[in-house]
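Here are my notes on the model you sent over.

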Amino acid sequence: MASFLKPEAFEPDPRAMRLLPFRFERISDDVVIISNFVGELMFATDNEMSRLVSLDLKPGDGLFERAREKLLVSVGSERAPLELLALRLRSRLAFLRNPTPLHIFVVTLRCEHSCPYCQVSRQSSDRNQFDMSDETAMRAIDVAMSTPGDSLKIEFQGGEPLLNFDLIQRVVDVASKEAVSLGKSVQFVIASNLAMLDDDILDFCKQRSVLISTSLDGPADLHNRNRPRPGGNSHELAVRNIQRAQGVLGRDRVGALMTTTEASLDRAEEIIDEYLALGLEGIFLRPLSPYGFAMKTRQFSKYDGEAWFRFYVRGLKYILEINKSGRRFPEFYASLLLRRMLTDRADGYVDLRSPMGAGLGTLVYNYDGDVFASDEGRMLAEMGDRTFKLGNLASADYAKLALSEKLIDLASRSLTQSAPQCSSCAFEPHCGADPVYHHATQGDPVGIKRFSEFCGRQKRIIGFLANLLEKSPDDAAILRGWAS
Ligand code: SF4
């Protein structure tokens, strides 16, 4: 009679166990977050961490199973865990298959607002020399259409782009026709303060499926203080025109962004209520960036990363309560990070990529034909620093821009997978390179991350979200919903 081997015979030999690549971050005296090769996170005590690194694990002890599930160890000659990690990494980097999907047309630098935190150094609205010409716009379309990917987005920015709406119409018409003939899909977005919105513009946006992205900083007094314009009615116009646009285009075709100023810091709930009242589909709690008038007027230095994070946490907790009451209302930055933390989908969000999104994910065509690697790069140029200028449309084509020595050099230094500090950071798979920010704040595109508010913000937010996912089941259920 055949006899079966004892259960122990099927146990993996601990001597044949191997550690797979992982990184960790200490979050308290006794707890670390361990992150596997693709950023899946596991909380562990100090004791569990030492047992893991010394492979003091046994089937049935709980830690062995958790380490296996998180792909932190392999046993014997098995290749499956490594192959699975490789497959998941390939999925996460799939955005590289669609090079340069975002093309920003700065159709004018003119604006009738005079926001002290303006990051693009707008010009007063009567100066026509700051408008993009038809010829420049056509060259920009040629470059955009010669990118290898099948789908692209053209975003119109300014200044206030509606001050040059004739050119927007022409670009939409010409680019749409070219896209059809090349078998590509193209989506259009106008980033506008909406003060100049009228029925003709709305009709055009409806017919051509153009999306609207606008700015809304909160209640009237806060918004108008942040965003002055003649008449002091920026908020009234923004609210009225958001509602008009929602009515004509549909709620899901109109988005708004807020910028946190010093005056916003203790008003998180009121700002969020403003978005809820307008039926907007979520909110992006955004800090100020160190460019343009935000630097000249010293707005950027009026609060630090810790003050902003307190504002963010207060806002996120309030948003979670709103979701618990039954209304789905995500915070968009958290949603983006959660998708990375909980899935392997490639989002390709250009501000949070490795290699960097600047130049590889975005090209910016300035009103005068200069081409920049990112919107922040052209903002720096308006301050006199042309580090991120890649060329000019008068002589550049896509290949020259994409293969320029400057872009290749920046891209090779931008890899968080190999950059100092980032390469050993547990949160690297969910983060990205921001060479323009680090150049602007530290004079070096890589930067010393210990002194980087960008890095501090990333670590705080990802750590905070990981903690909620691990320890707060009610919040975790909502956060998981945002990731899906
Ligand atoms: S920037 Fe900071 S949080 Fe992001 S990967 Fe680098 S070290 Fe980690």
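1. Start with how the two domains meet. Bear in mind that this is a predicted model. Domain 1 and domain 2 bury about 460 Å² between them, and 41% of that area sits on carbon and sulfur atoms. In terms of residues, four from domain 1 are in contact with five from domain 2.

2. In case you want to colour the chain by domain, the assignment runs 15-92 for domain 1 and 100-401 for domain 2. Going by C-alpha atoms, the centres of the two domains are 40 Å apart.

3. What holds charges together across this interface? The rule finds two salt bridges between domain 1 and domain 2. As for polar contacts, four residue pairs are counted between domain 1 and domain 2, with both partners at pLDDT 80 or more.

4. Which helix gives the largest share of the side of domain 1 that touches domain 2? That would be helix α3, residues 80-92, which supplies three residues. Sorted by class, the residues on that side of domain 1 come out as one nonpolar, one polar and two charged.

5. Now the ligand. Around the ligand you'll find C422, C425, E428 and C431, and then K449, F454, C455, Q458 and K459. Split by class, this shell has five nonpolar residues, one polar residue and three charged ones.

6. Two cis peptide bonds are worth a look. One runs from G158 to G159, with omega near 15°. G159 is in the loop that links β7 (151-157) to α5 (165-182). Another cis bond joins S354 to P355, and there omega is near 0°. P355 belongs to the loop between α12 (332-342) and β12 (362-365).

7. Last, a backbone angle to check. T100 is not a glycine, yet its phi is positive, at about 45°. You'll find T100 in the loop between α3 and β6, the latter covering 102-106.

Note on methods:
Residues numbered from 1 in each chain as written. Predicted model: local features only at pLDDT ≥ 70, side-chain atom pairs only at ≥ 80, totals over all residues. Heavy atoms only, no water. Domains from an automatic or database assignment. Contact = heavy atoms within 4.5 Å. Buried area = accessible area lost by both parts, 1.4 Å probe. Salt bridge = Lys/Arg side-chain N within 4 Å of Asp/Glu carboxyl O. Polar contact = N/O pair within 3.5 Å; in protein donor to acceptor, adjacent residues only side chain to side chain. Helix = DSSP H or I, 4+ residues; strand = E, 2+ residues; numbered from the N terminus. Nonpolar A, V, L, I, M, F, W, Y, C, P; charged D, E, K, R; others polar. Near = heavy atom within 4 Å.
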